[in-house]
Amino acid sequence: MDGMVAMLPTPLQNWSTHLDFEGQRFAERIYKITLTISGVVGFVVGVWTQQLSYALYIVMAGALITALVILPPWPFLRQNPVEWHTPAKPEPMVSSQPAAENKVADKKAADKKKADKKKKEAKKSK
């Protein structure tokens, strides 16, 4: 993407291309309203003149106007910049498993139980 930006003229390279969240919400509202109005007007004109082409031209003109208004990142769509927080230092993770020392002790205890069990079985079989 940086290579594509480098091919643009210098004034366009410095042009901000982002929208803030409020600007996105406003752009969405604009496109819904303009396309709805152009659709209703196109439908009414098409029915009144009995020409489908007139209705389509009006709807396409509305779509073109909408695109010209909301697609470029105009300054009125960037009035509420997002302020990002500085990242917090991560807290050390607490393991739910026992430490390595506990594992060794648990294994020794388990081995001792097995040995005791074998001794009891050996005594019973005598």
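This is a predicted model: local features need pLDDT of at least 70, side-chain atom pairs count only at pLDDT 80 or more; totals for chains, interfaces and linings use all residues.
**Overall fold.** From the N terminus, the elements of the protein follow the order α-α-α-α-α. Residues are numbered from 1 along each chain as its sequence is written, and side-chain values use heavy atoms, with hydrogens and water left out. Of the 126 residues, 10% are buried (buried, under 20% relative accessible area; exposed, over 50%; partly exposed, in between; 1.4 Å probe, protein chains only). The protein exposes about 11500 Å², of which carbon and sulfur atoms supply 65% (Shrake-Rupley method, 1.4 Å probe).

View 1. Ser38 belongs to helix H3 (residues 21-49). Its relative accessible area is 8%, so Ser38 is buried. Leaving aside residues up to four places away in sequence, Ser38 touches Ile58, Val59 and Gly62 (contact, heavy atoms within 4.5 Å).

View 2. The model contains two salt bridges (a side-chain nitrogen of Lys or Arg within 4 Å of a carboxyl oxygen of Asp or Glu). Glu22 pairs with Arg25, their closest N and O atoms lying 2.8 Å apart. These two residues are separated by about one helical turn because they stand three residues apart in helix H3. Glu22 is partly exposed at 39% relative accessible area, as is Arg25 at 45%. Lys32 and Glu28 form a salt bridge with an N to O distance of 3.3 Å; they are four residues apart in helix H3, and therefore about one helical turn separates them.

**View 3. Nonpolar surface patch including Tyr57.** Leu52, Tyr54, Leu56, Tyr57 and Met60 form a nonpolar patch with about 580 Å² of accessible area together. Patch residues have over 30% relative accessible area and no salt bridge, with nonpolar side chains (Val, Leu, Ile, Met, Phe, Trp, Tyr) joined within 5 Å and like charges within 9 Å. Tyr57 is located in helix H4 (residues 52-70) and counts as exposed because its relative accessibility is 53%.

**View 4. Positively charged patch including Lys119.** Lys112, Lys119, Lys120, Lys123 and Lys124 gather on the surface in a patch of positive charge. The place of each Lys charge is taken as NZ. Lys119 lies in helix H5 (residues 100-125) and, at 55% relative accessibility, is exposed.

Notes: Lys and Arg count as positive and Asp and Glu as negative; His and the chain ends are not counted.
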